[in-house]
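Me: Can you walk me through this one? I have the file open and would like to go piece by piece.

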Amino acid sequence: MADPSAPETMNRRKAIRNMTMVLGSASSIPALSGLSAEALFAQGQSIHQHVSAKGEPNPSALKVFTPHQNQTVIVLSELIIPQTMTPGAKAAKVNAFIDIFLSSVNASKRQEFLEGLQWIDIRSNQLFRAPFVRATAEQQTELLTRLSVPNSTETTSGQNFFKLIKGLTVFGYYTSKVGIEEELKFNGWVEYKGCTHSEHQS
Amino acid sequence: MATKTYDAIVIGSGITGGWAAKELTEKGLDVLLLEAGKNIDPNKDYSEHQMPYDVKYRGLTDVKFMEENYPIQRQCYACREYNHHLFVNDKENPYTTPADKPYLFLRGRHVGGRSIMWGRQVYRWSDLDFLANEKDGVAIPWPVTYKDIEPWYDYVETFVGISGMKEGLPQLPDGRFLKPMAMSCGERIMRQKIGEKWRGQRVVTIGRTAILTEDHKGRAACHYCGPCEQGCITRSYFSTLNSTLPAAQATGRLTLRPHSVVRGLIYDKDSNRVTGAYVVDGVSKQELEVKGKIVFLCASTLESTRILLNSANPRYANGLANSSGVLGHYLMDHLYGSGASAEYPGLEEYPDLGRRPNGIYIPRFQNLKGKDAKYLRGYGFQGGSHRAGYLGGFQLPSLGSSLPAGFGASLKEAMKEPGGWSMSLSGFGECIPDIRNKVEINKNLTDKWGIPALHITADWYENDQTMYDEIRDVAAEMLEVSGCKNVRTFGESKPAPPGKGIHEMGTARMGNDPKTSVLNKWNQSHDIKNLFITDGSFMTSSGCQNPSITYMAFTARAADYAVEQLKKGNL
């Protein structure tokens with residue numbers, strides 16, 4: 001973050017403050033010449049924050065998952081995208097995203113996912129005599145490895161479920177605030193400079 | 001408002017309505033701008049800076065909600081979870097088609113119209129386009145040529161601010177350009193290789209776009225946040241809200257009335273003039289009448305014709321201003337929906353950072369000097385070459401895209417790696433005007449405000465299909481010549497349904513002969529002298545270029561003529 005007292009930052013804040021004061025109806029958008037791309041971006045973000053911030057979904061307000069299903073998805077997603085130097089899927093509340101996602105798709109897609117989740121518990125019981133959330137970390141990793149290797153001998157529906165939850169976890173993580181800000185370290189849009197290589201000029 | 005007679009009533013506030021309002025107020029007229037839909041508040045309605053985590057389904061949309069309320073609009077590439085409120089509710093705005101001829105009527109209904117969500121691509125016509133009907137013996141000749149419109153292209157482009165690169169091509173005249181946006185490495189290589197193989201006949205150029213690359217008339221240069229279709233608080237691309245409306249309001253002579261659904265035009269048979277419009281208030285459903293000395297109908301191609309058809313009276317039984325009988329006919333759209341995409345190996349060391357709200361363009365190269373193809377007219381390509389999986393450059397993952405193998409910390413690491421380069425080309429082709437492509441009123445169906453709806457009959461015919469079939473093969477060939485691998489063509493066997501190109505035009509065409517056209521060369525009704533129509537309905541042929549800049553040029557020219565005529569007492 002920029003130094004709050006630096007002149008550039010003060011100018012940017014002033015620009016934002018002025019914009020927020022003046023903006024009323026569509027007709028009163030004032031001239032914007034002279035603002036740098038950085039300042040424009042910051043101003044745009046601040047204007048949009050108050051309309052857009054819906055925040056992370058409240059995990060206690062589950063729409064589809066039972067508490068057990070929710071816990072299983074938390075464990076699965078954290079194995080897929082774990083905490084490393086940066087937070088993982090659990091901190092990013094990927095489970096809540098998947099829950100909301102499932103509430104928006106049709107019944108057969110929802111059923112497919114929930115049956116896949118059930119399959120995980122059945123398989124875990126077969127292998128480890130425990131449902132997935134109560135297997136050890138090594139056992140959980142072993143089951144996912146069995147599902148994800150190229151020559152997997154697990155059933156097709158098990159492999160397909162793994163692909164499904166992996167895709168949803170990746171999507172849910174990299175569209176979350178945690179994923180975008182802390183893992184990708186996204187810090188604003190940059191001017192598209194394109195190709196700057198002399199060997200490509202024509 | 002009930003008794004005031006405005007100098008001009010402009011119906012519709014989209015691309016052309018905004019221009020009409022600006023030109024007429026700047027020339028001293030007191031203007032009432034009617035918009036069927038709601039006003040737009042950038043603070044609430046723009047969403048271009050929203051992050052995926054700011055919307056409930058991260059951009060995937062509430063599928064059931066969209067299927068129920070936006071079954072047609074959701075088929076538009078620009079209709080998203082972030083901005084579906086900028087598209088019409090299909091339940092409130094129905095239309096019908098024959099069962100075997102689908103039509104996609106994609107649009108919004110609010111101040112600014114599609115100028116908020118449009119693609120912003122801007123390409124001039126040349127005489128190759130203006131003289132095509134005459135040369136081919138198809139439909140009717142245009143009553144103007146490029147030299148009539150050239151100064152107006154200059155005029156509107158200067159105000160709008162168009163970025164692009166001069167290429168000196170006769171079939172795509174250069175405009176008044178701000179500096180061009182940058183091409184990616186893949187695109188530059190493609191430009192080299194296509195240029196070498198076809199020696200200047202085929203040119204890969206950066207898209208010409210109504211997005212500022214430099215500060216311009218109080219609007220800021222683009223800062224590349226990406227989804228223009230969701231709004232632009234920095235006013236960097238052209239829309240009514242960003243440009244023409246503030247200019248009109250600055251004159252002090254504009255009255256904007258949103259929620260004003262025009263049921264029909266008020267016709268005075270003694271003077272054979274329109275005197276105003278019957279308006280249904282969009283919120284209260286109350287009826288009111290507005291009066292004006294002249295009317296500029298800019299409600300968009302199909303909506304303007306719908307108003308005229310719904311304004312039929314004893315003198316104009318087939319629709320107001322329709323003594324020719326062609327009103328409603330010769331509906332056109334661009335062929336769309338096919339092309340090719342491929343991987344572009346060998347560029348792994350080159351980055352592709354950031355979002356660019358623009359692609360490349362390959363201007364038409366068929367039938368430039370006489371007929372050298374199996375079809376009449378021609379097509380251009382839009383497309384681009386970028387690097388996928390570049391999350392650090394802020395691309396969004398898409399559900400279902402292929403992922404690195406495995407899971408865990410190694411997957412997280414692999415996700416940080418940029419993916420491979422790819423390239424794709426998608427064709428936009430000209431369609432031949434055909435009398436069978438038409439709109440009529442469906443008297444058994446009304447919209448939410450009680451206005452009779454449209455019945456749209458449109459299909460593709462032989463020339464269209466022949467051209468369409470070539471597009472994907474030519475796209476594939478050009479990708480191969482560029483050095484791409486794993487080239488795959490895309491597109492159904494028939495072009496996408498008419499309307500999908502979102503360049504619908506015609507149905508109130510201009511021409512010299514009042515027996516075969518609705519408008520004269522000034523966009524003025526042959527029948528009713530104080531009625532002007534300047535949205536896409538005036539088009540007599542379709543070209544293959546994105547048409548909005550052409551509509552803007554004709555609108556400014558028509559407004560200039562109308563004011564001159566009004567001052568002379570001729571209207």
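Reply: What follows covers chain A, one of its helices, and then some strands and loops of chain B. This is a predicted model, in which local features need pLDDT of at least 70 and side-chain atom pairs count only at pLDDT 80 or more, while totals for chains, interfaces and linings use all residues. Residues are numbered from 1 along each chain as its sequence is written, and chains are lettered from A and ligands numbered from 1 in the order in which they are written.

Me: How many helices and strands in chain A?

Reply: Chain A has 8 helices and 0 strands. Helices (H or I, at least four residues) and strands (E, at least two) are DSSP runs, numbered from the N terminus.

Me: And how much of chain A is buried?

Reply: Of its 202 residues, 34% count as buried. Buried means that 20 or more other C-beta atoms lie within 10 Å of the residue's own, exposed means 12 or fewer, and partly exposed is in between, with C-beta atoms placed from the backbone.

Me: Take helix α6 of chain A. What does it span from first C-alpha to last?

Reply: Helix α6(A), residues 137–148, has 12 residues and reaches 16 Å, close to the 16 Å expected at 1.5 Å a residue. The expected span is 1.5 Å times one less than the number of residues.

Me: Which residues of α6(A) are buried?

Reply: A:Q140, A:L143, A:L144 and A:L147. They sit on the same side of α6(A), because they cover an arc of only 95° around the axis. The arc is that of the directions from the helix axis to the C-beta atoms.

Me: What covers them?

Reply: The cover includes α3 (67–80), α5 (107–128) and α7 (156–174) of chain A.

Me: At what angle do α6(A) and α7(A) pack?

Reply: About 105°, with the axes 9 Å apart. That makes α6(A) roughly perpendicular to α7(A). A:L144, A:L147 and A:S148 of α6(A) meet A:G158, A:Q159 and A:F162 of α7(A). Axes are lines fitted to C-alpha atoms, for helices over the stretch in contact, and angles run from 0 to 180 degrees between N-to-C directions. Under 35 degrees counts as roughly parallel, over 145 as roughly antiparallel, 65 to 115 as roughly perpendicular and the rest as oblique. Contact means C-beta atoms, placed from the backbone, within 7 Å.

Me: What does A:R146 touch?

Reply: Not counting residues up to four places away in sequence, A:R146 touches A:S152 and A:E154. A:R146 is in helix α6 of chain A and is partly exposed, with 16 other C-beta atoms within 10 Å.

Me: Over to chain B. Which strands pair with β13(B)?

Reply: Strand β10 (residues 339–343) runs antiparallel to β13(B), joined by 5 bridges, and β12 (residues 379–387) pairs with β13(B) in the antiparallel sense over 9 bridges. Pairing needs at least two DSSP bridges between the strands. B:E343 is bridged to B:S422, and B:Q382 to B:S426.

Me: Where are the positive phi values in non-glycine residues?

Reply: Among them are B:K285, at about 65°, and B:I502, near 55°. Most residues other than glycine have a negative phi. B:K285 is in the loop between β8 (273–281) and β9 (287–297) of chain B, and B:I502 lies in the loop between β16 (485–490) and β17 (531–533).

Me: Buried or exposed?

Reply: B:K285 is exposed, with 11 other C-beta atoms within 10 Å, whereas B:I502 is buried, with 20.

Definitions and conventions: Contact = placed C-beta atoms within 7 Å.
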